[in-house]
Amino acid sequence: MTFELIRRWRIHAFAGMLATFATPAWADDTLPPIRRFDIPTIEKLGRQMYEQDQEAWKATDILRAKHSDDELKAGNLHGWIVDPFPDRDVVRFIHDGANGPEAFYDVTFAKGAEPVLSEPQNRVLNSEELAQYSARTLALKNVERPCSDRYNTIVLKDLERNGWLVWALAATTEPGVVLYGGHYRFSISKDGKTVVQRDALSKGCMNAPPPDPTKGNMVMMAFIQLVSDVPVETVVWLNLEHKLPVMIITPDRKERTITDGHISQTGALPARAQASPEERK
């Protein structure tokens with residue numbers, strides 16, 4: 001047996017083990033088809049999601065280093081939005097003011113500089129910021145079947161339509177656990193008030209356990225994806241987030257690997273190698 005065959009056998013064994021563990025908690029074949037993007041767009045969205053997610057958690061750490069959770073709770077903190085500029089991104093934390101949502105604190109990520117926490121001189125949100133915040137809030141209210149009691153959001157301008165793309169991402173504080181399932185993508189109107197389309201990016205609550213140190217280092221994550229023949233953008237995001245290649249087996253029996261945010265096809269499985277959900281029970 002050649003090294004290449006051994007390597008592929010180990011990956012297939014790992015994929016089978018993980019897929020067995022990650023059996024959907026709610027598999028639903030009646031879910032409508034999800035909105036499709038081409039692979040370059042999926043790669044771009046996944047990288048933008050990763051970059052915004054990184055800024056959001058770094059900004060949160062910076063804010064919490066200056067203010068206790070009790071202080072932030074007393075200030076009616078209700079999440080954040082991100083304002084992108086050519087030379088910087090600003091994470092704006094939002095709270096309830098006298099006249100509705102307003103800016104609470106800003107963390108500015110300027111290119112080539114350390115992030116800076118500040119209190120905005122003008123706390124009034126402009127129309128686009130209000131729309132982004134409304135879209136974020138609307139998405140969180142429309143997670144139909146949550147896979148976690150904690151969800152984070154990412155909001156980007158829709159690349160194809162005049163509106164927003166919002167991801168509600170199932171989150172955990174348990175070290176080493178990877179939440180593959182339970183993520184949603186929402187296409188939302190420009191004013192942030194109408195859900196145009198809701199896409200469940202998995203058919204179940206599929207979580208990968210933390211690596212077992214007695215079995216060596218994890219070299220790849222592998223999942224069976226049932227919602228699309230093309231890997232969805234949350235898989236690209238997971239690849240960048242966890243710094244591990246991800247192998248996805250799609251309903252067309254193709255294997256695709258995501259490495260450093262790039263999707264490549266690595267092969268195809270024989271017809272019997274892809275069992276139906278019923279056969280895998």
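These are my notebook entries on a predicted protein model.

**Ground rules**

I number residues from 1 along each chain, as its sequence is written. In this predicted model, local features need pLDDT of at least 70 and side-chain atom pairs count only at pLDDT 80 or more, while totals for chains, interfaces and linings use all residues; side-chain values use heavy atoms, with hydrogens and water left out.

**Entry 1: confidence**

I looked up pLDDT, the predictor's confidence in each residue, from 0 to 100. The protein averages 84. I found that 82% of the residues score at least 70. Where is confidence lowest, and where is it highest? Helix 1 (residues 3–21) has the lowest mean, 39. Strand 8 (residues 184–189) has the highest, at 98.

A contact means heavy atoms within 4.5 Å. Residues 272–281 are also below 50. That stretch has 10 contacts beyond near neighbours in sequence.

**Entry 2: the overall fold**

I counted six helices and 14 strands. Both are DSSP runs numbered from the N terminus: helices are H or I with at least four residues, strands are E with at least two. The protein has 281 residues, and 46% of them are buried. Buried means under 20% relative accessible area, exposed means over 50%, and partly exposed lies in between (1.4 Å probe, protein chains only). Among contacts with a separation of 6 or more, 54% are between residues 24 or more positions apart.

**Entry 3: the disulfide**

I searched for cysteine sulfur atoms within 2.5 Å of each other, the cut-off for a disulfide. The count came to one. Which cysteines does it join? The pair is cysteine 147 and cysteine 205, with an S to S distance of 2.0 Å. The link is left-handed, with -75° about the S-S bond. Cysteine 147 sits in the loop between helix 4 (127–141) and strand 5 (151–157), and cysteine 205 in the loop between strand 9 (195–200) and strand 10 (207–208), so the bond ties together parts 58 residues apart in sequence. Cysteine 147 counts as buried, at 16% relative accessibility.

**Entry 4: the largest pocket**

I worked on a 1 Å grid over the protein atoms alone. A pocket is an open set of points with protein on both sides within 12 Å along at least five of seven lines; a cavity is a set where a 1.4 Å probe fits but cannot get out; lining residues have an atom within 4 Å of a point. A volume is the space filled by probe spheres set on the points, which are joined across faces, edges and corners.

The largest pocket has a volume of about 960 Å³. How many residues line the largest pocket? There are 35, and Trp57, Arg150, Asn152, Ala171 and Thr172 lie nearest its centre. Helix 2 gives the largest share of the lining, seven residues. I sorted the lining into 19 nonpolar, nine polar and seven charged residues. Here Ala, Val, Leu, Ile, Met, Phe, Trp, Tyr, Cys and Pro are nonpolar, Asp, Glu, Lys and Arg are charged, and the others, Gly among them, are polar.

I found three cavities of 30 Å³ or more.

Lysine 243 follows helix 5, with a positive phi near 60°.
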